[in-house]
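Dear colleague,

Please find below the structure that I am handing over to you.

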Amino acid sequence: MRRVFGFCMKIGIITDALDEDKGAGIKTYTKNILRHMPTDDITLIHYKECQEKEYAQFKDIIIPMKKLPFYREFRKMWLMPKILENEQFELIHEPCQIGPFFFKSSFKKVVTVHDLSVLLFPETHKAIHYFHHTFGLKRTLKNVDRIIAVSNSTKNDLIRILNIPPHKIEVIYEAASNNYRVIRDNSSLEEFRNRYKLNFRYILYVGTLEPRKNVSGLVKAFYMLKKRGFSHKLVIVGKKGWKYKQLFELIRTLKLSKDIVFTGYVEESDLPYFYNCAELFVYPSRYEGFGLTVIEAMRCGCPVITSNVSSLPEAAGKAAILIDPSDTAQIANAAENVLNNKKLRNEMVKKGIKHSAKFSWEMSSKQTFRLYKTILS
């Protein structure tokens, strides 16, 4: 363990996600919450030196990660709590659902819950993840002082599934960063298209390839559009999760390999360009804790079709077309309607930009810090 500047602050945020090589939902959340936090009051707790300069202004405590079997669990469940107790923190915030809060401690404890998909849809997750959540998440939530839910939908899930008292839950929305915007510079858009070889009209999906995201339903709807004569391609941005082989088998069966482009993981700085160049963003997920990509697309002026389940109507408001994710024909019909109706598209773009402006990381960060002060007072 290393202590920076010789002392620690009273509020610690566990930022292991910042040390990961590739961005993911928790990393995005952690990065943006920190951007508007007062640096004098916060200490970062993680496992290696963070390479991003904007976080160098924070004090930090390094608790190294060793490449040993089950060391990650040992570090979080046993090693980390003892170190945090010795450092005399007054409050610890875990942004990643399962925190080092398995035993009683002198410091106050806050955890952010992003979704309960593992408990609601165990068949769409690996067995180890299900075990981790049934034990780790329930134990964490039992011992924390306050829970941050990223949507009212997630709050309701916590109350309904885990019997969490409503007064213990604070809803603080996620947001899209200011990098997500309408890009007016045609030359940079052209450079992006050439770099990714996307010089064609396309429908966009952004997200991990896993069963819960219902990418197979999108592919089937896209197949219907191709049968109706649409020349668009489908661009799928996101890393492989698990059980994705069935998706590729479906694409081969439908003979869509030449019409679907998989980019894999892309740098976050390129994502606004994907949204800006797309004619339509379709996100037919079966369950989301918030649905951040919906807000990202809207900020970039891309019309959105998304599911009418879980938190997605909450994120989309009245600016998107909502569909039943299990109804492939409904997805295809909604897409056809948007692609063929310029007036509708323009209305959706305007509504989307206006609606997405209601969500701000600066506001989320300030609400989070205000919650810290409320708990400590």
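In the notes on linings, Ala, Val, Leu, Ile, Met, Phe, Trp, Tyr, Cys and Pro count as nonpolar, Asp, Glu, Lys and Arg as charged, and the others, Gly among them, as polar. By that division, the lining of the second largest pocket holds nine nonpolar, three polar and three charged residues.

The model is predicted, so local features need pLDDT of at least 70 and side-chain atom pairs count only at pLDDT 80 or more, while totals for chains, interfaces and linings use all residues. Residues are numbered from 1 along each chain as its sequence is written, and side-chain values use heavy atoms, with hydrogens and water left out.

A volume is the space filled by probe spheres set on the points, which are joined across faces, edges and corners.

The second largest pocket contains about 240 Å³ of space. It is lined by 15 residues, of which Asn276, Cys300, Gly301, Arg345 and Val349 are the closest to its centre. Two or more lining residues come from each of α9 (271-277) and α13 (342-356) (helices are DSSP runs of H or I, at least four residues, numbered from the N terminus). With five residues, α13 gives the most to this lining.

One cavity of 30 Å³ or more is present. The largest cavity holds about 40 Å³, and its lining consists of Ile203, Leu218, Ala221, Phe222, Leu225, Val282, Ile331 and Ala335. The largest share of that lining, four residues, is from α7. Its residues divide into eight nonpolar, no polar and no charged.

As to the rings, the whole structure has 21 aromatic pairs (rings of Phe, Tyr and Trp, the last by its six-membered ring, with centres within 6.5 Å; planes under 30 degrees apart are stacked, over 60 edge-to-face and the rest tilted). Tyr29 and Trp361 are edge-to-face, because their centres are 6.0 Å apart and their planes stand at 70 degrees. Tyr29 belongs to helix α1 (residues 25-34) and Trp361 to helix α14 (residues 361-376), so the pair ties together parts 332 residues apart in sequence. One aromatic cluster is formed by Tyr180, Tyr205, Tyr275, Phe281 and Tyr283.

Yours sincerely

Conventions. On a 1 Å grid over the protein atoms alone, a cavity is a set of points where a 1.4 Å probe fits but cannot get out, and a pocket is an open set with protein on both sides within 12 Å along at least five of seven lines; lining residues have an atom within 4 Å of a point.
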